[in-house]
Amino acid sequence: MKTVRILMRAVLLGMVSLLSFANAEYAKYKDPKQRVAVRVKDLLGRMSLEEKIGQMVQIDRTIATVQFLKDYSIGSVLSGGGSTPLPQARAADWVNMINDFQRGSLASRLGIPMIYGIDAVHGHNNVYNATIFPHNVGLGATRDPELVKRIGAATALEVRATGIPYVFAPCIAVCRDPRWGRCYESYSEDHKIVQEMTDVILGLQGDPPSNFRKGVPFVGGKDKVAACAKHFVGDGGTTNGINENNTVIDMHGLLSIHMPAYSDSIIKGVSTIMVSYSSWNGEKMHANRELVTGFLKGTLKFKGFVISDWQGIDRITSPPHSNYTYSVQSGIQAGIDMVMIPFNLTEFIDDLTDLVKNNVITMDRIDDAVGRILLVKFSMGLFENPLADLSLVNELGSQAHRDLAREAVRKSLVLLKNGKNESHPLIPLPKKAPKILVAGSHADNLGYQCGGWTINWQGFSGNNYTRGTFFFT
């Protein structure tokens, strides 16, 4: 009997030890059965200041290392225009690179996954062999939101095929001056058309359920991506169309022309919003607390995170980066949550850390920023599925997506002038015409036909940097 009692006591002690170990290991933020708000609060409470600031950082893949991601708890990595793992990289090459980075993040103290972002503004445009769709200016001409939604869904599949869960799209600028060099990124000069085309967000992210709360980010599964409406706000309305310049307009004009598409995007569950390089009545948008915190987060109830543009806070000063500490202070206090640095990692971290420790920037502002970033990550299932697999690689450049691109090209064609006059029309072409001459610098140049944001930020010339098909509709 004494032996039995000893054995029973040993078993009970073992069970208590196991239970204690289980309780010690349990964390609400790791439990997918908990509400997202509970998980965010639990994780925030466990984070140091250094880990919180790390989450606010987005760096370019060219400086990212597994050790950086682990040591600094980096929140995000991106591919700038043309930044790829290899020339003509395959989908599997992208997946392997991103998973290597992600393993660094998962090895950090709290194991918070990073989110990888890329510009996918007319298809997965940085990637060799991806389907390239018409630019927004062409899609706006279709007047077909349902088509644009299907293009968003196809783009999301191709982006996920390369292991990427986050895209810097759509651009919902309202181009008011054709001299603006980025008018091709705008759906229309008519804000109502731009509003309709925000249905692309439903394609990229999925349709939120009917009871979904306005302003909360939504991503509907592993074949969808987090979207980013940009560039907040007024980037298409600068004086004389000068890029990154000053939009001179009163509040009524700003709200009636440039703001409606943002309201629609938020209703449709957009996850993130990117701030514009431009100014509004002389004040840099990256430093505009009234519009970023007051209107976007306050009035419009946006709950996702606000991200800067590429080196956007640097450009708060003129010349850029001339007073970086001031720029960090102004940008974060304005309401920017994640900063696309993309290279000066330690400088940003050191400056923001000092600003917080010296009570210039409050911990409440830091917690607001990090809470929003974590909300997006939890909402899109990144904690449950941080690593990509190869199950979607065949979606990159699929025939179904190329057929969709061809449909979009047909619907986006705009006839500017039909011949010399009404009695001598050019269209329709005679069916018996033996030959048709296609001439000019764009006639046999895939790069020129695809335009900007194709493989590189400014596009390319020639037929060697991606695959495509020339056809006549």
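This is a predicted model: local features need pLDDT of at least 70, side-chain atom pairs count only at pLDDT 80 or more; totals for chains, interfaces and linings use all residues.
Residues are numbered from 1 along each chain as its sequence is written, and side-chain values use heavy atoms, leaving out hydrogens and water.

Now zoom out a bit. Strand β3 (residues 115–118) runs parallel to β4, and two bridges join them; strands count as paired if DSSP finds at least two bridges between them. Strands here are DSSP runs (E, at least two residues), and helices are runs too (H or I, at least four), numbered from the N terminus. The whole open sheet has five strands in the order β4-β3-β2-β1-β11, with parallel pairing. At its edges sit β4 (166–167) and β11 (339–340), each pairing on one side only.

A cavity is a set of points, on a 1 Å grid over the protein atoms alone, where a 1.4 Å probe fits but cannot get out; lining residues have an atom within 4 Å of a point. Points are joined across faces, edges and corners, and the volume is the space filled by probe spheres set on them.

The largest cavity has a volume of about 130 Å³. It is lined by 17 residues, with Ala120, Val121, His122, Ile151 and Val200 nearest its centre. Helix α7 gives the most to this lining, three residues. The second largest cavity has a volume of about 100 Å³, and its lining includes Cys171, Trp180 and Arg182.

Notes. On a 1 Å grid over the protein atoms alone, a cavity is a set of points where a 1.4 Å probe fits but cannot get out, and a pocket is an open set with protein on both sides within 12 Å along at least five of seven lines; lining residues have an atom within 4 Å of a point.
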